[in-house]
Amino acid sequence: MVDLNVMPEEFVSTYTEKIVEVFDEFDPIYVVSGDTDFDTAEAVSYYEAALKTVCEKSPQSLKTMHIKRGYDYIPEQFLNRLDFYMYQSGHFAEGQDMAYLLAEKFYRDYPVKPIVNAEPCYEQMGYSRKMYGRFQPYDLRKAAWSGILSGACAGVTYGAHGIWNWKKTGKKANPVLGEGFDEAFPAWEAIHFPGAWDYGFIANFLEVNGIDELIPAQELLLEKSEQIRMAVTNDERYLIYVPYTTKLVIEKELKGYYGKVVDLATGRTARVRLTPEVGETSVSMHDFKGDGLIVLERY
């Protein structure tokens with residue numbers, strides 16, 4: 001966006017060597033790019049120099065790349081040196097389907113590696129391009145669960161507008177080039193935003209239930225919105241994220257299964273009725289008024 005103070009390419013390896021020298025003792029994850037695309041040979045050459053140096057100087061460390069919002073291309077020459085993929089569904093109000101579309105893309109089209117949504121929408125961040133509105137906890141939950149159940153089950157980033165930019169009360173906000181976000185809350189207030197608990201719940205739920213891999217199973221959902229996302233565990237438990245309550249039909253006969261639902265806004269749980277028939281199973285509407293996580297498992 002700005003062509004001032006661009007590091008000359010011949011300095012990249014020297015700079016990267018210094019980074020490794022200073023930080024390697026702390027066992028870091030090296031993110032060899034930031035909000036990046038690889039649309040030109042020059043960009044690829046820059047990041048090749050950086051990644052090559054990190055691999056040579058710190059072969060044991062984890063390495064990845066942070067790419068720009070909505071972007072799904074990583075040059076083939078980088079792939080075998082990355083330990084996991086990161087994508088960015090971002091802060092566009094009208095582009096939140098990227099949370100699951102990009103997860104599907106990386107899961108389907110790239111060599112198998114863990115996948116992380118490294119930058120979903122941030123809590124109370126104003127929509128990009130000066131569009132009026134702010135992301136609420138519901139939006140963050142939807143971005144997280146729709147990505148996790150679509151292939152990106154290695155992790156997700158929580159962000160709060162005011163913390164990432166360390167906003168101070170009474171200080172003039174620095175504009176973010178090209179984004180046009182609304183003013184941030186002060187960091188001391190943003191650190192108490194409730195959505196952080198929703199992301200903590202995700203990690204706790206998966207750990208307590210012994211879930212360490214989720215395989216997308218979207219093809220089993222019959223005639224419903226793409227916003228509803230479904231995955232299956234290795235031991236055939238099914239997880240379904242439903243942004244709004246509705247009856248579902250799954251194209252699999254789940255005899256011997258029962259269903260429960262977690263109200264993601266409150267943590268309350270309830271049962272959902274399953275009706276197995278030949279070749280399919282109906283899942284009743286849940287009773288909660290917001291988004292829910294439906295779990296189907298054997299008795």
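About 1400 Å³ of space lies in the largest pocket. A pocket here is an open set of points on a 1 Å grid over the protein atoms alone, where a 1.4 Å probe fits, with protein on both sides within 12 Å along at least five of seven lines. Its volume is the space filled by probe spheres set on the points, which are joined across faces, edges and corners. The model is predicted: local features need pLDDT of at least 70 and side-chain atom pairs count only at pLDDT 80 or more, while totals for chains, interfaces and linings use all residues. Residues are numbered from 1 along each chain as its sequence is written, and side-chain values use heavy atoms, with hydrogens and water left out.

The lining of the largest pocket consists of 42 residues, and Ser-33, Gly-34, Asp-35, Thr-36 and Tyr-47 lie nearest its centre; a lining residue has an atom within 4 Å of a point. Two or more residues of this lining come from each of α1 (12-23), β1 (29-31) and α2 (41-57). The element that gives the most is α2, with six residues. These names refer to DSSP runs numbered from the N terminus: helices are H or I with at least four residues, and strands are E with at least two. By class, 23 lining residues are nonpolar, nine are polar and 10 are charged. In this scheme, Ala, Val, Leu, Ile, Met, Phe, Trp, Tyr, Cys and Pro count as nonpolar, Asp, Glu, Lys and Arg as charged, and the others, Gly among them, as polar.

Helix α4 (residues 98-109) has 12 residues and reaches 16 Å from its first C-alpha to its last, close to the expected 16 Å; the expected span is 1.5 Å times one less than the number of residues. Its buried residues (under 20% relative accessible area, with a 1.4 Å probe and protein chains only) are Ala-99, Tyr-100, Leu-102, Ala-103 and Phe-106. They cover an arc of only 165° around the axis, so they lie on the same side of α4; the arc is that of the directions from the helix axis to the C-beta atoms. An α-helix has 3.6 residues a turn, so residues three or four places apart point the same way. The cover over the buried residues of α4 includes β3 (85-87), β4 (115-117), α5 (137-148) and β7 (229-232), where contact means heavy atoms within 4.5 Å.

In α5 itself, 10 of the 12 residues are buried, among them Tyr-138, Leu-140 and Trp-145.

Helix α7 (residues 195-208) holds 14 residues, and its buried ones are Gly-195, Asp-198, Tyr-199, Ile-202, Phe-205 and Leu-206. Seen down the axis, these fall within an arc of 120°, so they line one face of α7. They pack against α5, β5 (155-156), β8, β10 (257-263) and β14 (292-298). The face turned away carries Trp-197, Glu-207 and Val-208, which are exposed (over 50% relative accessible area).

Finally, the loops. Between β7 and β8 (238-242) lies Glu-236, which has a positive phi of about 65° although it is not a glycine. Glu-236 is partly exposed, with a relative accessible area of 32%; this class covers values between the buried and exposed limits. In the loop between β8 and β9 (248-250), Pro-243 is found, and it is buried, with a relative accessible area of 2%. Among the residues that Pro-243 touches are Tyr-138, Ile-228 and Asp-291.
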